[in-house]
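Subject: Handover of a structure

Dear colleague,

Please find the structure below, handed over for your records.

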Amino acid sequence: MAFIELDNVSKVFGQAEYATVALKQVTIRMDKGEFVSIMGPSGSGKSTLLNIMGCMDIPSEGEYRLNGTLIQKLNDRELSQIRNKTVSFVFQNFALMHNFSVYENVALPLFKRKMSLKEKKEKVDYYLHKLGIADLSDKNVSKLSGGQKQRVAIARAMTAEAELILADEPTGALDQKNGAQLMELLCQMNEEGKSIVVITHDEKIAGYTKRIINIVDGVITEDRKKER
Amino acid sequence: MEHLSIAISSMWKRKLSVFLMMTQLVLSFWVMNHAFISMDVVHYQEKKLFAVMQMDKDTTLRLSFADVDDTEWFAERFSHLENFIKQTPGVQRYGSFDTTSITPENLPNQRAFLEQNKKQYAGTRLENAIENSKIVFLDKGIYSYAKFKIINGRPLGEADFTKKDGDVIPVLIGYNYRDVINLGDRFETIIHEKKIVYEVVGVLEQRSEWLSGNDYIADPVDNLDNFFLAPFFPIVRESEPMDVAVRMHNTFIQLDSAEMFNQVSAAILEKGRELGINPTLATVGDELQAYRENRKQVSNFSLFMGMFFLVISIIGIVSVTLSSIHARKHELGVRMVAGATKRDISMIILMELVWIVTVSAVSGVMLNYVMEAFEDSSVANIKLEMFAFPLYGKVMLVSILVILSSVFIPLLRIKKLQLRELVGGRD
């Protein structure tokens with residue numbers, strides 16, 4: 001059984017003459033520990049694919065199984081549990097809560113965990129140190145640089161200790177140096193056993209991954225494995 | 001708890017709009033609270049009156065005059081009318097009282113008496129008049145209305161109400177004087193340039209009460225702990241026209257039965273007209289009803305204003321909360337991406353509203369209490385007594401209604417949020 005199984009997944013937005021098909025019968029299988037990049041031009045459906053993989057959206061047709069669980073059958077609470085414990089996200093726009101501190105942002109996935117405040121603090125501090133941003137803990141995230149913000153986003157994803165990391169154009173708002181550092185971090189996380197899916201249209205970024213899936217107009221046109 | 005701490009932290013980041021919203025709510029709760037108190041005061045006054053006095057709604061009448069005149073002419077005619085009333089068939093008892101001040105002198109322990117008054121009057125309008133004490137003079141006919149008990153000594157008896165000028169006047173002392181004035185102690189006062197000697201014959205139990213000298217309906221009773229109470233004797237009852245005039249508002253007639261009202265009333269009014277003075281008679285029940293009607297207008301207006309302000313506040317809260325949800329779409333989206341359910345988001349919004357409404361309601365009630373505490377009116381003390389569980393229950397009920405009506409639309413809005421539109425975005 002694969003970790004991620006998408007069988008003939010389609011996604012349509014809108015209805016009747018306003019309907020837009022974002023994904024057409026996409027089938028993907030991914031095992032645990034894989035490092036995959038999904039490439040494609042703007043509007044090709046790659047973010048929609050990521051949203052479905054991350055349980056932020058559900059397919060219009062087809063089946064999506066994550067770790068053997070059929071996602072379409074789950075309710076809001078169960079989907080939230082998956083987003084909290086199994087999947088973590090890293091977005092191009094960092095998806096941080098403005099006007100909240102670095103600590104508050106990184107501690108976010110621990111919101112519903114049955115842990116004492118002390119345990120939560122220890123965990124957050126551990127990942128802040130690991131990413132070299134411990135000194136920014138009390139700082140408002142809106143006052144950070146792009147590189148620092150993305151580190152906070154990665155720290156948040158690490159704090160969740162999820163098995164799957166989904167990154168949507170994670171280097172899109174970073175300079176080359178920070179982008180490279182971020183990808184090294186993702187590689188490190190993959191080596192530690194995390195499954196990672198990166199959406200990008202940058203060949204260089206895709207070069208860090210072990211498998212590249214190309215998607216055009218909602219259809220998978222290429223799926224190739226490679227050695228880094 | 002987690003939801004509440006997130007809600008508080010989130011409100012702190014929007015403190016100005018939260019503050020403005022709360023200001024509006026505090027004012028609404030203040031007006032609403034004021035209306036509740038106005039409504040309760042009437043019931044309280046009625047309850048208090050009959051709890052303290054053995055009066056009856058239908059058989060106790062109050063005699064009053066539209067135009068009270070403190071002249072010899074009026075006093076003389078009033079005296080005739082009094083004699084007529086006492087002999088009218090159907091009248092069981094008749095009497096007046098007068099609440100006034102005396103300056104007791106030559107008490108065996110004058111110094112302790114002054115110290116006691118100094119302590120009791122501290123911070124009141126009487127603090128510069130510690131040599132004076134309040135006293136209720138009353139007729140035998142209405143002494144029996146009192147329900148208070150004597151804890152030491154004896155109550156006033158039949159013979160005490162027949163004292164002549166120059167006799168030693170028996171007096172009951174309030175509970176607070178029990179340690180500074182003893183039974184049998186005598187003291188003197190000067191009334192109309194004549195020396196009056198009093199002798200203490202009894203001590204009233206703590207929190208004894210008697211009809212207020214101001215307005216027995218609006219401000220039903222006076223606490224007698226710091227009072228003296230003595231029978232009327234001629235020099236204080238009728239030696240001067242003014243002595244007669246002050247009794248005009250505090251004169252009561254006890255009927256044998258309610259059926260006698262028309263007959264007694266007609267006879268007294270007829271006699272009054274004959275004497276050239278125009279008395280009016282009303283049962284205590286009628287006077288209470290008239291007062292209730294009068295207060296009802298005030299409390300209904302306050303209630304309307306309170307409800308109006310609350311509706312405005314609810315509209316304000318709903319619109320601020322909706323725009324806050326819109327402005328916080330990103331934050332809410334990030335929370336949901338990290339595992340929060342729509343229920344969690346709803347709980348955060350609900351906690352915010354609960355916090356805002358609860359703090360506003362408590363502040364509104366506190367503001368109301370402070371305002372009432374500083375109010376200088378005859379019913380101010382009664383209003384302060386209204387601050388108890390029944391009032392808090394009503395405020396709590398209104399708060400729950402405000403929360404429920406404010407949260408409904410925002411929760412619908414949250415239900416419609418699409419996660420993919422909040423953070424990621426579609427291709």
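Which residues in H1(B) meet which residues in H11(B)? His3(B), Leu4(B), Ile6(B), Ala7(B), Ile8(B), Ser10(B) and Met11(B) in H1(B) meet Asp344(B), Met347(B), Ile348(B), Met351(B), Glu352(B) and Trp355(B) in H11(B). Two residues are in contact here if their C-beta atoms, placed from the backbone, lie within 7 Å.

Please note that this is a predicted model, in which local features need pLDDT of at least 70 and side-chain atom pairs count only at pLDDT 80 or more, while totals for chains, interfaces and linings use all residues. Residues are numbered from 1 along each chain as its sequence is written, and chains are lettered from A and ligands numbered from 1 in the order in which they are written.

Helix packing in chain B

Helices (H or I, at least four residues) and strands (E, at least two) are DSSP runs, numbered from the N terminus. H1(B) and H11(B) pack at an angle of about 65°, with 8 Å between their axes. Axes are lines fitted to C-alpha atoms, for helices over the stretch in contact, and angles run from 0 to 180 degrees between N-to-C directions. The crossing of H1(B) and H11(B) is right-handed, a term that applies if the near helix is turned clockwise from the far one by less than a right angle. By class, this contact of H1(B) with H11(B) has nine nonpolar, two polar and two charged residues. Ala, Val, Leu, Ile, Met, Phe, Trp, Tyr, Cys and Pro count as nonpolar, Asp, Glu, Lys and Arg as charged, and the others, Gly among them, as polar.

H11 (residues 342–374) of chain B also packs with H13 (residues 389–415) of chain B, at an angle of about 150° and with the axes 9 Å apart. H11(B) is therefore roughly antiparallel to H13(B) (angles over 145 degrees count as roughly antiparallel, under 35 as roughly parallel). The crossing of H11(B) and H13(B) is right-handed. Among the residues that make the contact are Ile345(B), Leu353(B) and Val357(B) of H11(B) and Val402(B), Val407(B) and Leu411(B) of H13(B). The residues of this contact comprise 15 nonpolar, four polar and two charged.

Chain A

Chain A has seven helices and 10 strands. The radius of gyration of chain A, 17 Å, is close to the 17 Å that the globule rule gives for 228 residues, so chain A is as compact as a globular protein of that length. This radius is taken over C-alpha atoms, and the rule is 2.2 Å times the number of residues to the power 0.38. Buried residues make up 46% of the 228 residues in chain A; a residue is buried if 20 or more other C-beta atoms lie within 10 Å of its own.

H5 (residues 146–160) and H6 (residues 176–191) of chain A pack at an angle of about 15°, with their axes 10 Å apart. H5(A) is thus roughly parallel to H6(A).

Where the chains meet

The contact takes 18 residues from chain B and 29 residues from chain A. On the side of chain B that touches chain A, H10(B) gives the largest share, four residues. Asn84(A) lies in helix H2 (residues 76–85) of chain A and counts as buried, with 23 C-beta neighbours inside 10 Å. The residues that Asn84(A) touches include Pro109(A), Ala338(B) and Gly339(B).

Yours sincerely

Key:
Angles under 35 degrees count as roughly parallel, over 145 as roughly antiparallel, 65 to 115 as roughly perpendicular and the rest as oblique. A residue is buried if 20 or more other C-beta atoms lie within 10 Å of its own, exposed if 12 or fewer, and partly exposed in between; C-beta atoms are placed from the backbone. Lists of a residue's contacts leave out its neighbours within four places in sequence.
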